[in-house]
Amino acid sequence: MYFYCTMKKLSLVVLLFGCGNILKSQMVYKDVAGIFYKRCTSCHHEGANNYSFMTYSKTKPFVSSIMVDLNIGKMPPWNADTLYTRFQHERIITASEKTKILNWITQGALAGDTTQAPPPPVYNNNYQLIGTPDLVLGIGQFTSTATSADKYYCFSIPSTLTQDRVLRAFEIVPGNKAMVHHAVITADTTGAYTSDLSGNCFNIPGNLGIGTYAPGTAATVLPGDLPIRAGIVLKAGSKIIIQMHYPKGSAGQVDSTKIRMFFYPQNVTNYRRVYVTTPLQNWSMIINANTTQTYSAYYPSATTNLTGSISAYAMMPHSHLICKTIVNYAYVPGVDTIKLVRINNWDFHWQDYYTFKKLVKIPTGYRLFSRHSFDNTSSNPHNPFSPPQTIMAGTSTDSEMLFDGMMYMTYKPGDELVDLEAMLGTDSLLVGVKSNDLSNKKMSVAVFPNPFKESITFRIPLKQSSDVELYIFDVVGKLVFSKKLVNQSESLIDWQWNGKNSKGEELPKGLYMYKVKTNHYTSENKVLKD
């Protein structure tokens, strides 16, 4: 082809189409750098990972491993099935992005002019949360004694709180990632619990759940602006309990795990209380050698339902090594199912609280359900025993667990309409931007129920005193209703519209547009009168 392309008498058409494939420019680092920044460097950056993908020179030595991990779906590490439920902060890669990186690698992973690559993101050293925490508590320097068996240690640390505080965000920072199996954080509101460093502190102490760390867990940030301001209440005089699980063989290694805590200002009172629990548990599992088996759990039980509606904020399913699949949902027997989380290929090394994009309403009369499948055969490469042995429910790594956690609030109408992802996407603890200028911050008006029959509620957040105006337009843009409230000082206004025009006449069924205006923002969208 090259010979013919160089012939002077060859037509321009042949030249363009024949030589085009030969002279096609090779992909270089600048063509894929943005994908690495977006999809990989949240984990793979200095201070957080030994394998940094922040520059060409740091990425190039690992391209063979990157190719393998992309091809087998190991990276980016995201267990939850995105065809079942979508979550915030998903560590996924699109098919086109994956193809682009693989093509760059197969073409030689060329550098090109690396100065043309986009600027890399900036990360906050070893921490996920930006800023100075209000309180940092840790276990100090502790040496594991786990030789031939896993050890559990419970550290009781005085919070030093002299009055009740509301926790908005926290980050559990392992001091030695290689040896930390997991950490569970609770609070003892009585202040009476003392440390248990025997290595046999299997039961989780404390009477208030806070959070959990396992490999891959992200920092927990609760929405801190209206219409939903949420937090975990810590009582004055409480002790923070950090239960550390170190695997066998870690004896002699030193850890210094700590928790960084961020509170609301003391004058903030209009918050929603978040509960952190593990409602789905099964401690009667016996998984025989050379079998595949399935176990389930229910809450409140297999025969009883919830007596009040809740708003699910996040789910954290948990198992050990031989687990293969997990599914959590809420249901009314024979009637309906609310999808929560599904994991089709469980990976013990990547666990997380999966935070919903919007709160998920689980109504009164529903019950929670969990199902885990286990593969206790020699074909399971993660089986801790060779040949396989009977594995029972237990707390050690080579036992098994069905222990699925949840963060939730008591339900309020309109919860399921609030865009949590948009709220947290501009959160100062995650993006390092603090501003009191509401013109630069998206405010969210919740509208419910939508569609509506008799009346609809507009839940309008305010950060400071403001006039509030509501306009309703029909499908052709004609103004049919308007109202103005002057100098409103409440932080949250619930305003109902009964589906009538300004004269009090019933409007026909159909699609309408609304506009809410305050001194600081405008919100527009559609409502349907049914």
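**Group meeting: strands, cores and a helix pair**

Okay, let's start with strand β18, residues 323–332, which is mostly covered, with 7 of its 10 residues buried. Buried here is under 20% relative accessible area, exposed is over 50%, and partly exposed is in between, using a 1.4 Å probe and protein chains only. Before I go on: this is a predicted model, so local features need pLDDT of at least 70 and side-chain atom pairs count only at pLDDT 80 or more, while totals for chains, interfaces and linings use all residues. Residues are numbered from 1 along each chain as its sequence is written, and side-chain values use heavy atoms, with hydrogens and water left out. Strands (E, at least two residues) and helices (H or I, at least four) are DSSP runs, numbered from the N terminus.

So who does β18 pair with? With β21, residues 367–376, antiparallel over 8 bridges; two strands count as paired if DSSP finds at least two bridges between them. N328 has S370 in β21 as its bridge partner. Then there's β19, residues 336–343, joined to β18 by 7 bridges, again antiparallel. Y331 is bridged to T337 there. β18 and β19 make a hairpin with 3 residues between them, and G334 in that turn has a positive phi of about 75 degrees.

Next, an open sheet. It has 4 strands in the order β14-β23-β17-β20, with antiparallel pairing. At the edges sit β14 (275–282) and β20 (354–362), each pairing on one side only. The twist averages 35 degrees from one strand to the next. Between β14 and β23 (residues 402–410) you get 6 bridges, antiparallel, and Y275 stands opposite Y408 in β23.

Now β9, residues 228–234. All of it is covered: 7 of the 7 residues are buried, so the strand is largely enclosed by the rest of the structure. In a regular strand the side chains alternate between the two faces of the sheet. Here I228, A230, I232 and L234 point one way, while R229, G231 and V233 point the other way, and all are buried.

What about the neighbours of β9? β4 (residues 165–173) is antiparallel to β9 through 3 bridges, with V166 partnered by V233. β8, residues 224–225, is antiparallel too, over 2 bridges, and a hairpin links β8 to β9 through 2 residues. β13, residues 272–273, runs parallel to β9 with 2 bridges; G231 has R273 as its partner.

On to the cores. A nonpolar core is a set of buried Ala, Val, Leu, Ile, Met, Phe, Trp, Tyr and Cys residues joined through side-chain atoms within 4.5 Å. The largest has 53 residues, and L234, I240 and M261 have the most contacts inside it. A second, separate core of 35 residues includes L306, I322, F348 and Y408.Last, two helices: α5 (residues 63–72) and α6 (residues 95–106) pack at an angle of about 145 degrees, axes 10 Å apart. Those axes are lines fitted to C-alpha atoms over the stretch in contact, and angles run from 0 to 180 degrees between N-to-C directions. Among the residues making the contact are I66 and L70 of α5 and I101 and W104 of α6.

Definitions and conventions. Contact means heavy atoms within 4.5 Å.
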